[in-house]
Amino acid sequence: MKKLAFLICFFSLVVFADDHESEKKAPKIDRKITLVNYEIEGVKQWQPGNIAGYEGETVELTLINKAKGPHGFMIPSHGVTEVVKKNGKTKVILKLKEEGIYPMKCHLHPAHIGGQLIVLDD
Ligand SMILES: [Cu+2]
């Protein structure tokens, strides 16, 4: 009987631990950056063109598209690929990789001016 009580207690703890782990909290955001896509005299560009953060930070990007039509926002090194519709707003959360300078671009329009994600040493 003691063995059974022990097993019940043990499995209750295991189930509780699993439940506890499955309650995934929203990630802690270290930095928030808003980028707005404009088209001025035929030149399309996300502004600011270059953004920065520290290695390992969790960054929330808010992407607002004020240009004609949908535009892409891509950071290939960080697995970010988004399409933001005209007057649309999208949020992206990413964890910054190791120190470096990573290209950002619109993957829908080759002529769309790209920018850079600058990751600084922590
Ligand atoms: Cu574009």
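## Terms and model

Two strands are said to pair if DSSP finds at least two bridges between them, and the strands themselves (E, at least two residues), like helices (H or I, at least four), are DSSP runs numbered from the N terminus. The structure is a predicted model, in which local features need pLDDT of at least 70 and side-chain atom pairs count only at pLDDT 80 or more, whereas totals for chains, interfaces and linings use all residues. Residues are numbered from 1 along each chain as its sequence is written.

The predictor's confidence in each residue, pLDDT, runs from 0 to 100; its mean over the protein is 88, and 81% of the residues reach 70 or more. Over residues 6–18 pLDDT stays under 50, and for this stretch the model has zero contacts beyond four places in sequence, a contact being two residues whose C-beta atoms, placed from the backbone, lie within 7 Å.

## The β5–β6 hairpin

β5 and β6 pair in the antiparallel sense over five bridges, and F73 has E82 in β6 as its bridge partner. Four residues lie between the strands of this hairpin, where G79 takes a positive phi near 65 degrees.

## The nonpolar core

A nonpolar core is a set of buried Ala, Val, Leu, Ile, Met, Phe, Trp, Tyr and Cys residues joined through C-beta atoms within 7 Å; a residue is buried if 20 or more other C-beta atoms lie within 10 Å of its own, exposed if 12 or fewer, and partly exposed in between, with C-beta atoms placed from the backbone. The largest such core has 13 residues, of which L35, L61, L63, F73 and L117 touch the most other members. Two or more residues are given to this core by each of β4 (58–65), β5 (71–75) and β9 (115–120), and the largest share, three residues, comes from β4.

Leaving aside neighbours within four places in sequence, L61 is in contact with I33, L35, K91 and V92.

## Backbone exceptions in the loops

Most residues other than glycine have a negative phi, and most peptide bonds are trans. E41, in the loop between β1 (31–40) and β2, has a positive phi of about 50 degrees although it is not a glycine; E41 is exposed, with 4 other C-beta atoms within 10 Å. N87, likewise not a glycine, has a positive phi of about 60 degrees and is found in the loop between β6 (80–84) and β7 (89–95), where N87 is exposed, with 9 other C-beta atoms within 10 Å.

A cis peptide bond, with omega about 0 degrees, joins Q47 and P48, and P48 has its place in the loop between β2 (43–47) and β3 (50–54).
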